[in-house]
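Subject: Structure handover

Hello,

Please find the structure below. My notes on it follow.

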Amino acid sequence: MTLTRRQLLILLPAAAVAWESLLAGTPEASPNYTMTEHWWSMLIDIPKCIGCGNCVRACQAENDVPDGFFRTWVERYHVDDWHLANPEVISPDGGKEGFPVAKEDEGKYFFVPKLCNHCADSPCTQVCPVGATFIGPDGVVLVDPKYCLGCAYCVQACPYGCRYIHPQKKVADKCTLCYHRITKGLTTACCEACPTGARQLADLKNPNDPIHAFLKTHSVQVLKPQMATGAKVFYNELDGSVR
Amino acid sequence: MPGVEGFMYPNEVSLYWSVLIVLYPFITGLVAGAFILASLARIFRVEAVKPTYRLALLTALAFLIVAPLPLQLHLGHPERSYEMYMTPHRTSAMAMFGFVYLWYLMAVLVVEIWLDFRADIVALSQSTIGWRRWMYLAMTLGSANVSPRALAIDERVGWLVTLIGVPSAFLLHGYVGFIFGSIKANPWWSSPLMPVVFIFSAMVSGIALVMLLYMAATRLRRQPIDMLCVDTIARCLFYIFIIDFSLEMLDLIHRVYEADESFRSLDFMVHTRLYFSQIVLQIYIGTLTPILLLALTQVIRLGATARKRIYAVAGSLALVGIFAMRWNVVIGGQLFSKSFLGYTTYKMALVTREGLLVSIGLTLLPLLILAVLVKILPPWPEAEHASIPEAVAAP
């Protein structure tokens, strides 16, 4: 077969595109897991959280999270009487080692575990210039570390402060909802480590998931609903002071 | 935690966009502003600013070449930046940068400069010797025809390119404003006014820069400064500055009056961490002072020397003010927590990849490039087509 210069010029870009997709590879197969059959979310039962920090430690151990950055963290709110707009919030080292003893006063104290909300309409995936961060058919927002430029635009776009640039890998990093575990039928490291069951992984597409009964009988809310991000981490008894 | 006041989400403590991202809109703004000044001469037929036309084009090119460098240096993986061209994400404002940039560089600026300097390039390719001759020969792109008919075609095509260039300049910088203005998570940025404010502030900085460069270069060349030219530029600068300031005040008044959930936090920031850069540097020194100085030249009859001095001071302050504005947008937008409950501090490093020295280098680099460009393609009025040999120019 002989190639004319014209044909070669047409073929070269096509070959480049083909080579690109070959390099991109295929996702790691997980037997018995069909992405389209799931729509993952998490339920956080605020009254059950005791602020022990087990979830933060479990997450850091499971996912090799660098020091000073957090895929999940716990905040302690202290709301004095009616001052909802001025809560005193602390999260020393992400709540990893628990919290200092609270003062006894008029106010109330409660803990709020935070993690990526795996938003259905996530602003972070919208702004990624190369589509390195995306939402899968199973509703989990992930980052492809081999593709991310490390521009941090997604970090700026997340209203919840859930993303950071990994100091060694120089790419965006965040909670994967322990994707390597949930695709094998396990729960997330944080849910597994929680001693009170304050965190529950939930599959909204599974009609038998207990979350459906819970949602029917409880008053739940997502963080910053005004952001309209389609957040999928649901909080039971979320106080109006929580940001 | 050191440098933190109140509560920050733990991942927010250190800033993700550094001084390099301040430089990026600053430099891009200079490009857009310089080009718009050039278009005044060509499209809007403001003959008085003609002496700065070619200098403005070369300034725009010099700064445009440097514009992507701060972004590139800031990326965690600069070697992957080509992916923005290979697989751009259509919903990302940033993904468009590469295309808008290339369009502006290749389809507008380079073409316009080539068309405008073509006759000079041809003449220089004939009057120089050695490697310079080869360089100019290459730059002619094989076209040595400088007959009046050919030059008339150049002129017409050049006019058309400038006509496309004006909205392109608006697009280039308006889009930079959109990158910030479209982030709903950040109330300091999220505003539909942002692209418009960016465009007008770009015009202010670009026009001020070309005015200063023209005055400095003319002085260095021991030539008389064309006062009609600088007076006209200063008048444009004055009017555009007023529009720019009005837009920024509109944004401010709107925020103060609406006082939404973020207001208390932002207000606190402006009165503390951003007080110097926002109130003192941007508003008092960088905006009100140059506007008042320029207004002075409009209402009082002053001598040429006094006007020149005022223009030099007002132009320099305008550049300081616009840089401060970029700083306050980029750095200011990251100093407060998205929980609106706390504030962090930006610590600029000195010699790191995103440090002060690199930033100073990137600010000076376009001037160095401009010096080279000016050597290769002299933009001065007296050099224009002056060296075309009669025999070649004849029909």
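In chain A, strand β1 (residues 40-45) runs parallel to strand β11 (residues 233-236), and four bridges join the two. Met42(A) stands opposite Val233(A) of β11(A). On β11(A) there is also an antiparallel pairing, over two bridges, with strand β10 (residues 220-221) of chain A; here Val220(A) has Asn236(A) as its bridge partner. Strands count as paired if DSSP finds at least two bridges between them. Helices (H or I, at least four residues) and strands (E, at least two) are DSSP runs, numbered from the N terminus.

This is a predicted model, in which local features need pLDDT of at least 70 and side-chain atom pairs count only at pLDDT 80 or more, while totals for chains, interfaces and linings use all residues. Residues are numbered from 1 along each chain as its sequence is written, and chains are lettered from A and ligands numbered from 1 in the order in which they are written.

Asn117(A) sits in the loop between β4 (108-115) and α3 (123-127) of chain A. Asn117(A) counts as buried because it has 25 C-beta neighbours inside 10 Å; the cut-offs are 20 or more other C-beta atoms within 10 Å for buried, 12 or fewer for exposed, and partly exposed in between, with C-beta atoms placed from the backbone. Leaving aside neighbours within four places in sequence, the contacts of Asn117(A) include Val233(A), Tyr160(A) and Thr229(A). A contact means that the C-beta atoms of two residues, placed from the backbone, lie within 7 Å.

Turning to chain B, helix α10 (residues 263-271) has Ser265(B), Leu266(B) and Met269(B) as its buried residues. Seen down the axis of α10(B), they fall within an arc of 95°, so they line one face of the helix; the arc is taken over the directions from the helix axis to the C-beta atoms. Their cover includes α13 (332-335) and β2 (342-343) of chain B.

Not counting residues up to four places away in sequence, Ala60(B) touches Val31(B), Ala34(B), Phe35(B), Ala38(B) and Leu109(B).

Between the chains, 31 residues of chain B are in contact with 36 residues of chain A. Helix α4 (residues 83-86) of chain B gives the most to the chain B side, with three residues.

Regards
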